[in-house]
Structures are given as structure tokens and as C-alpha cells.
Amino acid sequence: MNEGTPGAMIDVALFRLRRIWSRPLRARKAGEPQRPVHMSNVMVVHAVHKLSLDVPEVTVGAVAEQLGVDPSTASRLVNDAVGAGFVEREESAVDARRARLVLSERGRRVLEVVVRHRRTYLDGLMADWDEPDREAFARLLDRFAEAAVARPANLANLDRMIAETLVETSALG
């Protein structure tokens, strides 16, 4: 593997960032006090908030699509967020058979605190960068994210390649 390419460097950096980003909200070790909010709750709160800006009613199916998970996983995540008091179910004005999801006041406040904390953290990380570097980084990262959304990875192809590799590895002994 060529680790010196831009793609390799980005891959490593994104993997490190994902771990760092989720660390503050993931479950603690046994015996430590529980966190007041879990990363899965924050993900649902973010999804409900973002979707509510774009669609008239947020549903579990829309949350599943936004988070890139299957509907049963989204249902469990939404149920957890409802149980924690961050999201509320209301009657749908479109279809009485389903519920629409809205942020509770508690959910809105948690979203505000999490976003403020992350943005303060990011500003601190770039505190010694000059303004043109900050702006260039923001512009390029946004462009990168847009490209990733527009052209998601082909996971079926990855699954096939992994399966073939495992067969080959088994054959080698």
C-alpha cells in the first residue's frame, strides 16, 4: 500500500478524526459514571434538526436515510433519543398511521451545547492558522464532503472484494 498519496493521507486522517470526534460522547468504561448523552443521541438530534430544515415532516425512515442506517436501526436509535427526552413524537398531519419527529426543548439545548463545544474546539485547533489557511481549509473540506455525498462509496463492491480476499486467505492455509 502506498501511504504517501493524498488519498492515503486523507484516509488515515479521517479515521483518526472519527475516533477523536466520537470519543467525548461514547460510552465510558465499566465503573465510570454514565455520560448524560450518547453519540447515538447526538446523531439522531442532528438528523432530526437537519431534516426539519428541509422537509415538512421528519420520519424514522428519513432519519434512517440521513444517518445511512437501516430502518430498524434508525427506529432503535430514535426510540433511545425519545426515551432520553431529546426527540418527541407528534401526530403526522400527512398520514395518521405514522408519527413525525421533532426536537424537544431538551434536544434543542443539547444540540446547541454540542455544536458550540465542537466549534470552539475547532477554532482552538486552528487558532495559530492565518485566516486565508482557515478559509481555504473550510472551503476544501466542504468541497470534499459534497463530493463524498454526491458519490458515495460502493459498499457492495467492497463486500465482494473482502469475501474474495477471505476465500483466498483460507485457501493459503
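Predicted model: local features only at pLDDT ≥ 70, side-chain atom pairs only at ≥ 80, totals over all residues.
The protein as a whole contains 7 helices and 2 strands, arranged from the N terminus in the order α-α-α-α-β-β-α-α-α. Of its 173 residues, 20% count as buried. The largest nonpolar core comprises 21 residues, among which V44, V48, V63, V87 and L101 touch the most other members. At least two residues of this core are supplied by each of α2 (39-54), α3 (60-67), α4 (71-83), β2 (99-103) and α5 (105-125), with α2 providing the largest share, 7 residues.

A search of the whole structure identifies 6 salt bridges. One of them joins the side chains of D54 and K50, with an N to O distance of 3.5 Å; both residues belong to helix α2, where they are 4 residues apart, about one turn of the helix. D54 is exposed, at 54% relative accessibility, whereas K50 is partly exposed, at 41%.

In helix α5, E105 and R108 are 3 residues apart and thus separated by about one helical turn, and the closest N and O atoms of their salt bridge are 3.3 Å apart. E105 is partly exposed, with a relative accessible area of 47%, and R108 is likewise partly exposed, at 38%. A further salt bridge links R160 and E164 (2.9 Å, N to O), which lie 4 residues apart in helix α7 (residues 155-172); R160 is partly exposed, at 41%, as is E164, at 38%.

Note on methods. Residues numbered from 1 in each chain as written. Heavy atoms only, no water. Core = buried A, V, L, I, M, F, W, Y, C linked by side-chain atoms within 4.5 Å. Buried < 20%, exposed > 50% of the residue type's maximum accessible area, 1.4 Å probe, protein only. Salt bridge = Lys/Arg side-chain N within 4 Å of Asp/Glu carboxyl O.
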